[in-house]
Amino acid sequence: MYIGIEGPNFSGKTTLSKIIEQHYIDLGRRVSIVTGISKLHPLGELIHNDGRLYKNPAIVNDLMIAAEKYFYYYNVILPKLNSQEIVISDRYLVTCVAYNYLYGLDPELTWRIYESLPKANLIIYLRVDEDILMERMKERRNLSFTELKFSRKQELAAFEMAVDFMQKKGVHVFIVEQTTDQAALENLMSFLHSAIE
């Protein structure tokens, strides 16, 4: 099973990934958490660490990210899936659509770039209130270029658009309203338990 955890920065993706990981470990399953962009390939390292990338046209950056995502999927994620491991990805395609939209790329173009990349079996979107994001941001000293360039309101709107876009493309997105909502988490865990039976 391949699970994508989506949401804006500070929405609780890492926390939820760890909760899901522990859930499956408790069921006796092997689990790996992977990130949206790896540092296994020089391109991933460049994307992570080189602020000059944001001076490129958005399409150039996205093509580099897409190349890295395809490399990562076929060289890291697919072998794990083939060995019956459950893979949880901290970010996946909703993030690509959302951030590309912020930088001026049409969602349809982003979809075409990633269309042949295998989709996750389940995408979980963490819908979080702007005030919660702002509060969590205060805890981090260094913000990313994107976090500085766009407001949380813009980021949240881009993610909502991306979720809606993906659903219209036939991708099932399970929406969790807040990572602190115990009922929503219990509902998700019940769904995940039934998904592997």
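Predicted model: local features only at pLDDT ≥ 70, side-chain atom pairs only at ≥ 80, totals over all residues.

**Entry 1: strand partners.** I began with tyrosine 2 and looked for the residue across from it: valine 87 in β3 stands opposite. I then checked the two strands as a whole. β1 covers residues 2-6, and it pairs with β3 in the parallel sense over four bridges.

Next I asked myself which strand five bridges join to β3. That turned out to be β2, residues 31-35, and these two strands run parallel as well. For a residue pair here I picked threonine 35, which I found opposite aspartate 90 in β3.

**Entry 2: is β3 buried or exposed?** I went through residues 86-90 and found five of the five buried, so β3 is largely enclosed by the rest of the structure. I also looked at the two faces separately. On one side I listed Ile86, Ile88 and Asp90, and on the other Val87 and Ser89; all are buried, which leaves both faces covered.

**Entry 3: the whole sheet.** What is the order of the strands? I read it as β2-β3-β1-β4-β5, an open sheet of five strands with parallel pairing. The edges are β2 and β5, the latter at 173-176, and each of them pairs on one side only. I get an average twist of 20 degrees from one strand to the next.

Strand β4, residues 122-126, is joined to β5 by four bridges, and the two run parallel. Tyrosine 125 stands opposite isoleucine 175 in β5.

**Entry 4: a helix over the sheet.** I looked up where helix α3, residues 58-82, lies. I found it across β1, β2 and β3, and it runs at about 165 degrees to β2.

**Entry 5: a helix pair.** I finished with α6 (residues 130-137) and α8 (residues 152-168). Their axes are 10 Å apart, and the packing angle is about 125 degrees. Angles of 65 to 115 degrees would count as roughly perpendicular and those over 145 as roughly antiparallel, so α6 and α8 are oblique to each other. I noted their crossing as right-handed.

Which residues make the contact? From α6 I wrote down Glu130, Leu133, Met134 and Met137, and from α8 Arg152, Lys153 and Leu156. Sorted by class, the contact of α6 with α8 has four nonpolar and three charged residues, with no polar ones.

Methods:
Residues numbered from 1 in each chain as written. Heavy atoms only, no water. Buried < 20%, exposed > 50% of the residue type's maximum accessible area, 1.4 Å probe, protein only. Pairing = 2+ DSSP bridges. Axes fitted to C-alpha atoms, helices over the stretch in contact; angles between N-to-C directions. Parallel < 35°, antiparallel > 145°, perpendicular 65-115°, else oblique. Left-handed = near helix turned anticlockwise from the far one by under 90°. Contact = heavy atoms within 4.5 Å. Nonpolar A, V, L, I, M, F, W, Y, C, P; charged D, E, K, R; others polar.
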